[in-house]
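Welcome! Here is a friendly walk through one protein chain, topic by topic. Keep the picture open beside the text as you read.

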Amino acid sequence: MENLEEVWDRLQLNEEENVSIEINLSEESGVKAKRSLVGKIISNRVISKEVVRRTMEKIWRVGKLLEFHEFRANSFIITFANPGDKNRVLGGKPWQFDNCLFVLKPFDGFTQPHKMRFDNEEFWVQMHNLPLACMNKCIGEQIGATIEKVVEVDAGEDGMGWGSFLRIRIECDLNKVVARGRTVNLQGMNMWVPFMYEKLSRMCFRCGRILHPEQGCPGEVVGAVGQFGPWLRASIVKFKKSDESRMRADEEMSGVGN
Ligand SMILES: [Zn+2]
């Protein structure tokens, strides 16, 4: 069947169709919007709305039942009992459903659903092996900006990020290959700064993307095999070696993406 969006795009409107109708929104819809989010689960499998609702109610620990409306496959409008629950969930991003990324955005009642974008999400990126002089907000912002938009640097009031790594919250473009690190030059010396991602969901270890383009995996293996793997996950320290190899086998075969 022909793509309906393409059919609608080429229509030549007659006079009646072309008259613009002025819309007045009711106040009630605005109040509900303040308690709502829109979200999309990044998975090839179509998941039942009820399963998602029941699972996320447990994960988010919301006292009252959530209202879930599906507006496209795997895409939902989620209304919370109060704005506090909604804000807590937004602040705890990224979320996962069955290891797949659940991209969440503030409710947007003004964009047509087919034009909503779910191709970016915030992640806490850990920057490892930084010299102590670089463990601060300023350097974090500088390196982070080469990935994408820096939302926050986890630093104290003095701007220093003491610890074994520097944590930066970054809004990542899910279409891009996941950044594995950056080469930093300090006093004429190049050094490799590896990144690890907290709560990193299922991704494609073949091309290094969380979201494949519509045509599927571009299949560009970057260099040799093993260029991407579960070691990108900050929680990897909790896994035993056996889990690690099992996960790698699972995920490389799954062809996740759209
Ligand atoms: Zn891929």
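## The zinc site and an overview

Four residues coordinate the zinc ion: Cys 204 through SG, Cys 207 through SG, His 212 through NE2 and Cys 217 through SG, at 2.1 to 2.4 Å. Please keep in mind that this is a predicted model. The chain has 7 helices and 10 strands, and 38% of its 258 residues count as buried. Among contacts between residues at least 6 apart in sequence, 67% join residues at least 24 apart.

**More on the zinc ion**

- The site of the zinc ion is tetrahedral, with angles of 102 to 116 degrees among its 4 donor atoms.
- Along the sequence, the donor residues follow the spacing C-x2-C-x4-H-x4-C.
- Cys 217, another of the donors, counts as partly exposed, at 25% relative accessibility.

**Arg 233, in a loop**

- You will find Arg 233 in the loop between β10 (189-197) and α7 (241-254).
- Although Arg 233 is in a loop, this residue counts as buried, with a relative accessibility of 6%.
- The side chain of Arg 233 reaches the backbone oxygen of Ser 201, at 3.0 Å.

**Helix α4 and its buried side**

- How far apart are the end C-alpha atoms of helix α4? They are 16 Å apart, which agrees with the 16 Å that the 12 residues of this helix (residues 49-60) should span at 1.5 Å a residue.
- Val 52, Arg 53, Met 56, Glu 57 and Trp 60 are the buried residues of α4. They lie on the same side of α4, because they cover an arc of only 130 degrees around the axis.
- Which elements cover the buried residues of α4? The cover includes the strands β1 (36-41), β2 (67-72), β3 (75-79), β4 (95-97) and β5 (100-106), together with helix α5 (83-91).

- At 4% relative accessibility, Phe 68 counts as buried.
- Leaving aside neighbours within four places in sequence, Phe 68 is in contact with Lys 49, Val 52, Arg 53, Met 56, Phe 76, Ile 77, Ile 78 and Phe 102. Among these partners, Val 52, Arg 53 and Met 56 are also buried residues of α4.
- Phe 68 and Ser 36 are 32 residues apart in sequence, and their C-alpha atoms are 9.7 Å apart in space.

**Helix α6, with two faces**

- The buried residues in helix α6 (residues 137-144) include Gly 140, Ile 143 and Gly 144. These three are on the same side of α6, because they cover an arc of only 95 degrees around the axis.
- Which exposed residues does the face turned away from the buried side of α6 carry? That face carries Cys 138 and Gln 142.
- The buried residues of α6 are covered by elements including β6 (120-128), β7 (149-153), β8 (165-173), β9 (181-186) and β10.
- At the start of α6, a side-chain oxygen of Asn 136 reaches to within 3.1 Å of the backbone nitrogen of Cys 138.

**Backbone details in the loops**

- Lys 93 and Pro 94 are joined by a cis peptide bond, with omega about 5 degrees. Pro 94 lies in the loop between α5 and β4.
- Asn 74 is not a glycine, yet its phi is positive, at about 60 degrees. This residue lies in the loop between β2 and β3, and Asn 74 is buried, with a relative accessible area of 4%.
- Asn 129 is not a glycine either, and its phi is positive, at about 65 degrees. The loop between β6 and α6 holds Asn 129.
- Is Asn 129 buried or exposed? Asn 129 is exposed, because its relative accessible area is 57% and the cut-off for exposed is over 50%.

Conventions: Residues numbered from 1 in each chain as written. Predicted model: local features only at pLDDT ≥ 70, side-chain atom pairs only at ≥ 80, totals over all residues. Heavy atoms only, no water. Helix = DSSP H or I, 4+ residues; strand = E, 2+ residues; numbered from the N terminus. Expected span 1.5 Å × (residues − 1). Buried < 20%, exposed > 50% of the residue type's maximum accessible area, 1.4 Å probe, protein only. Arc of directions from axis to C-beta. Contact = heavy atoms within 4.5 Å. Donors = N, O, S within 2.8 Å, 3.2 Å for Na, K, Ca; no water. Tetrahedral: all angles 85-135°; square planar, octahedral: opposite > 155°, others 65-115°. Polar contact = N/O pair within 3.5 Å; in protein donor to acceptor, adjacent residues only side chain to side chain.
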